[in-house]
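User: Hi! I'm new to reading protein structures, and I'd like to learn how to look at a ligand site and at packed helices. Can you walk me through one?

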Amino acid sequence: MKHSGSVMDNGLCMPAKVQEDHLGTIRDVFAGESPETIPHRLISLLEVFDRFKIDIAVTGDSGAGKSSLINAILGLKPDDKGAAQTGAIETTKQATMYQQSNLPHIRLWDLPGMGTPSFASKSYVKMMNFDLYDMFMVVISERVRENNMLLVDEIDKRKKPFYFIRTKIDNDVKSQRRKSKFSETQALEQMRQDCEKYLKEKKLDPHIFLVSTHDTHNYEFQKFISTFKDEVFKIRAEEFSGFLDKMLHGGWLKARYATQHVQQTEKLETEDITKLQNMYKSTGFGAAKVSAVLEALSHFQLDVAVLGETGSGVSTLVNALVGLENEESSGAGASISNPALSPVYPDVRFWDISGIEAVMDYSVFEMKQAMKCYDFYIIIVSDWEKVRHVKLAKEVEKLRKHYLLVQTKVDSCLQTQGDLCCEETEILDGLRAQFTQELQREKLSEQQMFLINSQDRSAFDFVSLESALSSDLNTIRTSAFAYYIARTVKENL
Ligand SMILES: Nc1nc2c(ncn2[C@@H]2O[C@H](COP(=O)(O)OP(=O)(O)OP(=O)(O)O)[C@@H](O)[C@H]2O)c(=O)[nH]1
Ligand SMILES: [Mg+2]
């Protein structure tokens, strides 16, 4: 794979934010456009895409464990508030929708089970209206049955993606353990082959997961979740481009049907649909272009710089953010030329830029060059007297980029000050007040300061720092991507 990257004047090298291989189509698509108009157009398109929802049906035989699977995905126990009802008798009587707050684009539908007197196999698909869904999770237990393959046929007819999920693996393993020559690996492999056999007969090759919703840390539940999280963007992108293709290029009947479907299922608001139609009319921004944009976006790496002076705790904070203990990373940790990655923040690269005093004192120009390369900044306040964090924050504001200010090692700060005087909350409030005053004095934009101890993620403001990051990074990704594409197109003119 060809790498392109920008080498900065101070010798830092940042790998390309999108690999060269994935830029070809988008360059062609934007070839005739003036780079100045690109960011605005891309941002408004991506804002609409961000609101686009997909519907996933969890289907299968009665009692197979569909509702339990939904609860496990949502991280809920059967008795928790908002959990799907589960039980030993026919439990789910109508399709019910569930959503998780950190996956707002995904609507999971718990369908009644197939093959009971109320939902006979023959009429099940018609009653459940499979045309409403964009993806399916076919849940089976104990063995593959005829009904399961009927469902697969119906899904395949509609050319929709699906996962084949065998649940209650804990029960299977427990009962097979009684055999004299038992091997868990072999037993699991046999169960997988049993599923594969029937799917291969139909020339289908979906993901197969062997899970237990009663024991989500064992078997393949975690693999199922991470695959789903990795793939969901692509599935949404395909649905969205497919919808645009029908609405904009499909002839009036197809267009009307597609638009009505999206409106009625509330995948998009009417005004968003109108926006897409107008965008196409005025700029020819149709399905092929949108598809190229979303493809490039799915490969886009967002660069977050964690900046601080030597010894201010930059590496410890980077490790805490990506979920590594300090010892785990020794030798292979993040650095100025090697980013840290985390499944919690997909496609985000955290750069460890400690020793910022050297960069700053060396030459402001070079610091500016170095700073430009990142999309978002976490600035560590190590010493209030030195005000380096203020200079950094000003530089970031000049670049019109966003940052968070963090004071690390708050535990030791409390220890020293605690010997002198007062309560913990008073000291923390004092730090916050000092910070607000400083921002005002320096005419920096108003914002929260996060007081943390990177070695204890449950203490002080660490959790709020993580949630601020998650919510900010999504918006920042959109605009960083839009400007990056505009720059790429400009370079090629
Ligand atoms: N041991 C074990 N039991 C499970 C598992 N998943 C579900 N069960 C049990 O199987 C029974 C049926 O589970 P549900 O989740 O209600 O099944 P369902 O497919 O939603 O059932 P209907 O809605 O009635 O079609 C319940 O008693 C669950 O506790 C599992 O992974 N392991
Ligand atoms: Mg159910």
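Predicted model: local features only at pLDDT ≥ 70, side-chain atom pairs only at ≥ 80, totals over all residues.

User: Which atoms of the protein lie close enough to ligand 1 to count as polar contacts, with N or O atoms within 3.5 Å?

Analyst: Here are some pairs to find on screen. A polar backbone atom of G87 is 2.9 Å from an oxygen atom of ligand 1. A64 also uses a backbone N or O atom, 3.2 Å from an oxygen atom of the ligand. With N171 it's the side chain: one of its N or O atoms is 3.2 Å from a nitrogen atom of ligand 1.

User: How much of ligand 1 does the protein bury?

Analyst: On its own, ligand 1 exposes 650 Å², and the protein buries 89% of that.

User: Now the helices. How do I describe two that pack together?

Analyst: You give the angle between their axes and the distance between the axes.

User: Which residues of helix 8 and helix 10 meet?

Analyst: From helix 8, look for F240, F243, L244, M247, L248 and H249; their partners in helix 10 are I273, L276, Q277 and Y280. Sorted by type, that contact has eight nonpolar residues, two polar and no charged.

User: One last thing: where is K490, and what is K490 in contact with beyond its neighbours in sequence?

Analyst: K490 is in helix 19 (residues 462-491). Leaving aside neighbours within four places in sequence, K490 is in contact with P35 and E36. For E189, 301 residues away along the chain, the C-alpha atom is separated from that of K490 by 53 Å.

Technical notes. Residues numbered from 1 in each chain as written. Chains lettered and ligands numbered in written order. Heavy atoms only, no water. Contact = heavy atoms within 4.5 Å. Helix = DSSP H or I, 4+ residues; strand = E, 2+ residues; numbered from the N terminus. Nonpolar A, V, L, I, M, F, W, Y, C, P; charged D, E, K, R; others polar. Polar contact = N/O pair within 3.5 Å; in protein donor to acceptor, adjacent residues only side chain to side chain. Areas by Shrake-Rupley, 256 points an atom, 1.4 Å probe, with all protein chains shown as cover.
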